[in-house]
Amino acid sequence: MPHRLRIISASRSPASSGLLPMPGSPSASWALYRARLASIFQNAEASVLVAFWLFGLINNVLYVVILSAAQDLVGSEVPKGLVLLADVLPSFVAKLVAPYFIHRVPYPIRVVFFAVISSVGMLMLALTPSDKSIGSKMAGVMLASLSSGGGELSFLGLTHYYGHMSLAAWGSGTGAAGLLGAGLYVVLTDWLGFSVKDSLLASAYLPVIMLISFFLILPRRPLCEAAKAQEYRPLRDDDEAGPQSVDDVPTVNAASSLLAPGPAVASAALSDTGEDSLSKMGANLRRAKSLFIPYMLPLLLVYLAEYIINQGVSPTLLFPLESSPFRELRDFYPMYGFLYQLGVFISRSSIAFIRVRHLYPASLLQVANLVLLTLHSLLNFIPSVYVVFIIVFWEGLLGGGVYVNTFAEIMENVPFSEREFSLGATSVSDSAGICIAGFVSMAMEVWLCNYQVQHGRDWCKKIKVG
């Protein structure tokens, strides 16, 4: 009796199942690893991979730079959750409402618009004097956030036209954005001694790379053909050209591909011509409801927990300077951000090799991280900052893994005609979790800091605006 691809018999070897053996095992070899890599990238177009990697990088990097600079922007007297809310609330609103109408706006217009407002927002943020109103800084943050949210749902929808590897490249790029944004800010401000203003000003020019990626690197054939048909009709991948069932796919080839075709059979995309707008809205709302439990909720939970950690708890995870590698108390926060983003980058880049099909366990582990670090902030029982470094890195691994595997599951299991909407609609979950975390962390940071001061640890009150 044939096995379905989603079930792998325990008696089958890693080689026969298409999975890589553990390093050091008897069946492991460099030849096998090279063959696996070749099978993953054999049908991938290099220009598509580069373009989507850069989309993910540039669309998310400014968001990370802003969060890394949160402490320098507002100091210790203002909760970092305020910066988080300004950095995510416009993005959340864009993701919430845009999937229902943004398909009417051509992709080239979207990309230009998002690049422009992103640069304008960063220029406002960088050029506002440190002694001026925080409100003007937050206005710049909100413009950059609007660009990031609209860009994310647009580029996720765009992956539907370019196949599974475009999603992997996007996921890796977003992970690299976290690593580059947090790492660059640490290097410029801590190691090289650049001012906060100069560091932010340099980042305002990064959206130009997004324009180069879309107009010069990305192959335009799929979008041009869709435009000729006067509709956004996703082109079928080669492996979805016919009514092929999962059982008809050779096991090794399917398991070795980035995202093996799931049980759902790809169906032809239906034209929107002639459909009533209200009926389409109702259909999309029903689709969104069906996405909530399997995809939206675990993504919301993991982001809720990790951003309460990042913005509400980590500003209070301080240690005596003599027992740390830092010279100033302000150095702890950017380093936590860098280690978190390092974990995110690694896990988001691992989708071609490691699949996590059960999303809820990782989300609950993230909640456990939140509980652990909150208890330490109150009780001060973790003996070394290096232990906190490891926990924050693990936090990033969990968050990035849930993110990219959520969209991978949608690519595999949602019918072909509904994927573009589903990818964009599900992206609202991470922003929803971050928005809730922003409100919670504003109160949580103040409470934790005041508790520490009452118990003889006043480090959190000694950090000033950069």
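This briefing covers the overall fold, the salt bridges and the disulfide of the protein shown above. The model is a predicted one, and its secondary structure comes to 18 helices and 0 strands. The protein has 466 residues, of which buried residues make up 54%.

**Overall fold and surface**

- Among the contacts in the protein with a separation of 6 or more, 82% are accounted for by residues 24 or more positions apart.
- The accessible surface of the protein comes to about 19900 Å², and 68% of that surface belongs to carbon and sulfur atoms.

**Salt bridges around Arg355**

- Glu409 and Arg355 form a salt bridge in which the closest N and O atoms are 2.3 Å apart. This pair links distant parts of the chain, since Glu409 lies in helix 16 (residues 385-413) while Arg355 lies in the loop between helix 14 (332-348) and helix 15 (360-379), 54 residues apart.
- Glu409 counts as buried because its relative accessibility is 4%, and the cut-off for buried is under 20% relative accessible area.
- Arg355 also forms a salt bridge with Glu412, and here the closest N and O atoms are 3.1 Å apart. Because Arg355 lies in the loop between helix 14 and helix 15 and Glu412 lies in helix 16, the pair ties together parts that are 57 residues apart in sequence.
- Glu412 has a relative accessible area of 3% and is therefore buried.
- Salt bridges that share partners bring Arg357 into the picture as well, joining Arg355, Arg357, Glu409 and Glu412 into one network.

**A salt bridge between Arg330 and Asp331**

- Arg330 forms a salt bridge with Asp331, with the closest N and O atoms 2.9 Å apart, and both Arg330 and Asp331 are buried.

**Cysteines**

- The disulfide joins Cys449 to Cys460, with an S to S distance of 2.0 Å. The torsion about the S-S bond of Cys449 and Cys460 is about 90°, and so the disulfide is right-handed.
- Cys449 belongs to helix 18 (residues 428-454), whereas Cys460 belongs to the segment after helix 18, and the two cysteines are 11 residues apart.
- Cys449 and Cys460 are both buried. Another cysteine, Cys435, is likewise buried, with a relative accessible area of 5%.

Definitions and conventions:
Residues are numbered from 1 along each chain as its sequence is written. This is a predicted model: local features need pLDDT of at least 70, side-chain atom pairs count only at pLDDT 80 or more; totals for chains, interfaces and linings use all residues. Side-chain values use heavy atoms; hydrogens and water are left out. A salt bridge is a side-chain nitrogen of Lys or Arg within 4 Å of a carboxyl oxygen of Asp or Glu. Buried means under 20% relative accessible area, exposed over 50%, partly exposed in between (1.4 Å probe, protein chains only). Helices (H or I, at least four residues) and strands (E, at least two) are DSSP runs, numbered from the N terminus. Contact means heavy atoms within 4.5 Å. Accessible areas come from the Shrake-Rupley method with a 1.4 Å probe; for residues, only the protein chains shown count as cover. A disulfide is a pair of cysteine sulfur atoms within 2.5 Å.
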